[in-house]
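I am opening this notebook to record what I looked up, entry by entry, with the sequence and the model beside me.

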Amino acid sequence: MNKVKAVVAYHSGYGHTKKQAEAVMAGIAGAGGVGVQLISVADLNDHVWAALEEADAIVFGSPTYMGGVSADFKKFADASSKPWFAQKWKNKIAGGFTNSATMNGDKGSTIQYLMTLSMQHGMIWVGTGLMPANSSSAQRNDVNYVGGFSGALAQSPSDLGPEGGPLPGDLETARLYGERIAQITKQFKGV
């Protein structure tokens with residue numbers, strides 16, 4: 001029985017962000033000692049809200065559309081005002097990830113939104129803790145090639161389905177981020 005619980009709460013319009021969510025989940029699970037659930041925020045119900053309330057960590061994920069979170073993720077965020085009012089997520093560990101078709105794509109705006117959502121809930125945000133791949137020898141499939149510190153960032157070509165992106169380096173970045181979330185959550189919980 002895992003003493004620590006995590007939820008990866010995401011929206012994915014075309015499947016790319018779901019792949020990133022699965023990589024975050026794999027990192028959390030691979031750290032050991034943390035039970036993790038993958039929840040699509042497009043399917044909200046009482047079980048989803050209960051899982052979020054019981055979680056020790058919530059990692060939010062959304063594609064970046066037009067410089068921000070998707071409409072489905074925003075609907076979830078707005079609906080989270082009920083747990084906010086009762087401070088149900090206060091002092092939970094939080095993190096976030098996003099994916100867009102271009103290398104920049106204003107992903108920073110999406111991560112900032114996810115961070116603000118967490119702060120409004122009184123959560124404790126965890127960044128990636130990863131150095132960027134920014135030397136002249138860097139390759140596109142290196143870990144943290146997109147260079148996210150606040151959250152995991154990924155890029156997927158707009159003309160390919162999820163089989164074409166995110167690329168392996170971005171998925172490994174997401175996995176390592178999930179592992180860090182798990183480690184910090186266990187540390188925070190004293191496990």
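Leaving aside its neighbours within four places in sequence, with which residues is Ile58 in contact? I note before answering that the model is predicted. With those neighbours set aside, I found Ile58 in contact with Val7, Ala9, Leu52, Trp89, Lys92, Ile93, Ala94, Gly95 and Met123.

Next I looked up the nonpolar core. The largest one has 44 residues, and Ile58 is listed among those with the most contacts inside it, together with Ile28, Leu52, Val59, Phe60, Phe73 and Phe97. I also noted that strand β1, which covers residues 4–10, gives the most to this core, with 6 residues.

I then turned to the strands β4 and β6. These two run parallel and are joined by 4 bridges, and Phe97 stands opposite Ala152 in β6. For β6 itself, residues 152–155, I checked whether each side is covered, and I found that both faces are: Ala152 and Ala154 are buried on one side, while Leu153 and Gln155 are buried on the other.

My last entry concerns the largest pocket, which holds about 220 Å³ of space. Its lining is made up of 16 residues, and those lying nearest the centre are Tyr14, His16, Tyr65, Asn99 and Ala101. Helix α1 (16–30) and strand β4 (93–100) each supply at least two residues of that lining. When I asked how the lining residues divide by type, I found 6 nonpolar, 10 polar and no charged residues.

Note on methods
Residues are numbered from 1 along each chain as its sequence is written. This is a predicted model: local features need pLDDT of at least 70, side-chain atom pairs count only at pLDDT 80 or more; totals for chains, interfaces and linings use all residues. Side-chain values use heavy atoms; hydrogens and water are left out. On a 1 Å grid over the protein atoms alone, a cavity is a set of points where a 1.4 Å probe fits but cannot get out, and a pocket is an open set with protein on both sides within 12 Å along at least five of seven lines; lining residues have an atom within 4 Å of a point. Grid points are joined across faces, edges and corners, and a volume is the space filled by probe spheres set on the points. Ala, Val, Leu, Ile, Met, Phe, Trp, Tyr, Cys and Pro count as nonpolar, Asp, Glu, Lys and Arg as charged, and the others, Gly among them, as polar. A nonpolar core is a set of buried Ala, Val, Leu, Ile, Met, Phe, Trp, Tyr and Cys residues joined through side-chain atoms within 4.5 Å. Buried means under 20% relative accessible area, exposed over 50%, partly exposed in between (1.4 Å probe, protein chains only). Contact means heavy atoms within 4.5 Å. Two strands pair if DSSP finds at least two bridges between them.
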